[in-house]
Amino acid sequence: MPRIELPGVIDAHVHMRDPGLTHKEDWYSGTCAALHGGVVTVLDMPNNDPPVVDQASLRRKEQAAREQAACDYGLFIGASPQNADSVGALRKPVGLKMYLGDSYGPLRIDDLHVVAGHFQAWPHGRPIAVHAEGYMVAVAIALGRLFDQHVHICHVARRVEIELLRRAKQRSLNVTCEVTPHHLFLTDEDRQCLGPLAYMKPSLGSPDDLAALWENLDVIDLVATDHAPHTLDEKRAAQPPPGVPGLETMLPLLLTAVAERRLSLARLTELVVIGPARVYGLHLPVNSRVVVDTDAAYELQAQDMFTKCGWTPFEGWKVRGRVLSTTVRGMLAYDGERVLASPGFGQPI
Ligand SMILES: [Zn+2]
């Protein structure tokens, strides 16, 4: 059995739903899912209910994570119409998350005055991570240039977006970007059978968009899951919320691409470990590693997963590559069957 050891994965884009919507996921269930997926550190987004936009809401999330997380974590702070002048003084957020234009949820900002205020006030050195689609990608890149900020474009999903990012990087702009596994492996054609289970923001692209992401893999700094669980009842409702779980399927899908020679193991490691550490200025996790069996062929099944939501858009997918164990800071945290790390074992980065 070809066992390979990789450094522990850093997932730079997750929604643990805790506090606020813990019937979908909580810090313990979500970080168990992380460990099952070979992820040793998660960076959690701020669009909770209520959103994480100030000291009090950040403290509430820090407390929930401190008590429940089974892997290590960093927290984003959200840009709101009110907090441009105060948010930069908060301790320890890994970055500012800004929801522009077509995005979704309580932190969505449309007002250029507010957006420019954040670009002006945010302390230099830490990234501004933006949910930007279409034109808004160009707006975010331009604002980053105008205010000398590091802009990180989350979940790039369209050919025109990745080609803009290539031009921005050719001109040495301080811009980085990520893609999700669902945009690398699913297209709008999959919506016909998946229905609302394939509904997320940004929506799935065309087969040509998917091809563009693979063609421009050298432009992409990191792959992150945008793990955004909802219950099956919520997804089957008349107005389903956008988002899919992803923590437990990212590594098997990417290892399958390695088996199919669409990706090298070295590049995979850059995309899920070195890239996220570089973008967010993190130290590589010490004594943290994931052992994978690169030959294991099996089907992805939600019943084998730890996420509370109980489904995956990749149900039944045949993959090559299984996580055999995950070690965090020297401790065996997942042994191939069970999560051994207790709630609260996770540390802030
Ligand atoms: Zn997200």
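## Overall fold

The chain has 11 helices and 14 strands. Its radius of gyration is 19 Å, close to the 20 Å that the globule rule gives for 349 residues, so the chain is as compact as a globular protein of that length. The model is predicted.

Along the principal axes, the C-alpha atoms fill a box of roughly 55 × 45 × 45 Å. Buried residues make up 59% of the 349 in the chain. Of the contacts between residues at least 6 apart in sequence, 73% join residues at least 24 apart.

## Zinc site

Three residues coordinate the zinc ion: His13 through NE2, His15 through NE2 and Asp226 through OD, at 2.1 to 2.2 Å. The spacing of these donor residues in sequence is H-x1-H-x210-D. His15 and Asp226 link distant parts of the chain, 211 residues apart. His15 lies in the loop between strand S2 (9-14) and helix H1 (27-36), while Asp226 lies in the loop between strand S11 (222-223) and helix H9 (232-235). Both His15 and Asp226 are buried.

## Helix H10

Helix H10 spans residues 250-259, and nine of its 10 residues are buried, so the helix is largely enclosed by the rest of the structure. The buried residues are Met250, Leu251, Pro252, Leu253, Leu254, Leu255, Thr256, Ala257 and Val258. Just after H10, Arg261 adopts a positive phi of about 60°.

## Surface and charge

The accessible surface of the chain is about 13900 Å², and carbon and sulfur atoms account for 50% of this area. The chain carries 34 positive and 41 negative charges, whose mean positions are 3 Å apart.

Notes:
Residues numbered from 1 in each chain as written. Predicted model: local features only at pLDDT ≥ 70, side-chain atom pairs only at ≥ 80, totals over all residues. Heavy atoms only, no water. Buried < 20%, exposed > 50% of the residue type's maximum accessible area, 1.4 Å probe, protein only. Helix = DSSP H or I, 4+ residues; strand = E, 2+ residues; numbered from the N terminus. Donors = N, O, S within 2.8 Å, 3.2 Å for Na, K, Ca; no water. Rg over C-alpha atoms; globule rule 2.2 N^0.38 Å. Contact = heavy atoms within 4.5 Å. Areas by Shrake-Rupley, 256 points an atom, 1.4 Å probe, with all protein chains shown as cover. Lys, Arg positive; Asp, Glu negative; His and termini not counted. Charge placed at Lys NZ, Arg CZ, Asp CG, Glu CD.
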